[in-house]
Amino acid sequence: MWDPKTVRKAERRYAQQLRKIARYIDTIVKSFDVNDPRSYPLIVSALNEYAGTLHHWAQNTAGRIMTDVALRDQKTWLIHAKDLSRGVRDQIRNTDIGAIYQKLMDDQVTLIKSLPLDAAQRVHDLATRTTIDGGRASEVAGLILATGHVTKSRANLIARTEISRAQSNFTEARAKNLGSQGYIWRTSEDPDVRSDHKELNGTFHKWDNPPIADQRAGVRAHPGCIYNCRCYAEPVVPDDYESL
């Protein structure tokens, strides 16, 4: 059910939007004299204030992205179901994804607003290093200047992780609506697949019992629902829908 090209396109669009925030954070930081420690509280205040202005933008951006992912997931299901009855196709179209959509929306708004908030916390922590830990002023100034770059990296990570997680959540909802109890874990089968996920490749798991996707941290997750995961769930549906 997973279309890697579609997912990558959505990731790129989302990352482009999130990097706008990173660029503005970079502009805010660089508008102050980072060599003067007295400017650090002002930078923190400006970043926190910026976070407070993002709510409506975050809602609109997240809404467009999540709607696109949901519609593309539905389209993929319908392509696979083209030879099945109209009743099954209607069942796919009418799957109630409202609660999942709203939860994903809320999560995205929180994550978007966290970008400047985390940047503010980073500047605060670095400023503390100069006063309490006796860090070198020039070193701290350089790290503060890099805040925009650090935020850009986190923006890219959010886009990769959240689009895959949304895709996985919508797929799970539609699969369950057709009576699916679980799925086969599939990897992207390239050199970047982490070792834990290579071991999971081809194994069956129930929707209500995700496997351990990170052995070291003991984190359980479905495919695509853990940071930087490009794996996907291949739903196992009842025999009546085997051709899905």
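Start by selecting Trp185 and Ala233: Trp185 stands opposite Ala233, which sits in β5. This is a predicted model, where local features need pLDDT of at least 70, side-chain atom pairs count only at pLDDT 80 or more, and totals for chains, interfaces and linings use all residues. Residues are numbered from 1 along each chain as its sequence is written, and side-chain values use heavy atoms, with hydrogens and water left out.

Next, colour residues 182-186, which is strand β1; β1 pairs with β5 in the antiparallel sense over 5 bridges. (Two strands pair if DSSP finds at least two bridges between them.)

You get an open, antiparallel sheet of 3 strands in the order β2-β1-β5. Why is one side of β2 (204-206) and of β5 (232-236) left without a neighbour in the sheet? Both stand at the edges with a single partner strand each, so there is nothing of the sheet on one side. Neighbouring strands here are turned by 40° against each other on average, direction ignored; the angles come from lines fitted to C-alpha atoms and run from 0 to 180 degrees between N-to-C directions.

Zoom out and show the cartoon. The protein has 8 helices and 5 strands, where helices are DSSP runs of H or I with at least four residues and strands are runs of E with at least two, numbered from the N terminus. Trace the chain from the N terminus and you'll pass α-α-α-α-α-α-α-β-α-β-β-β-β.
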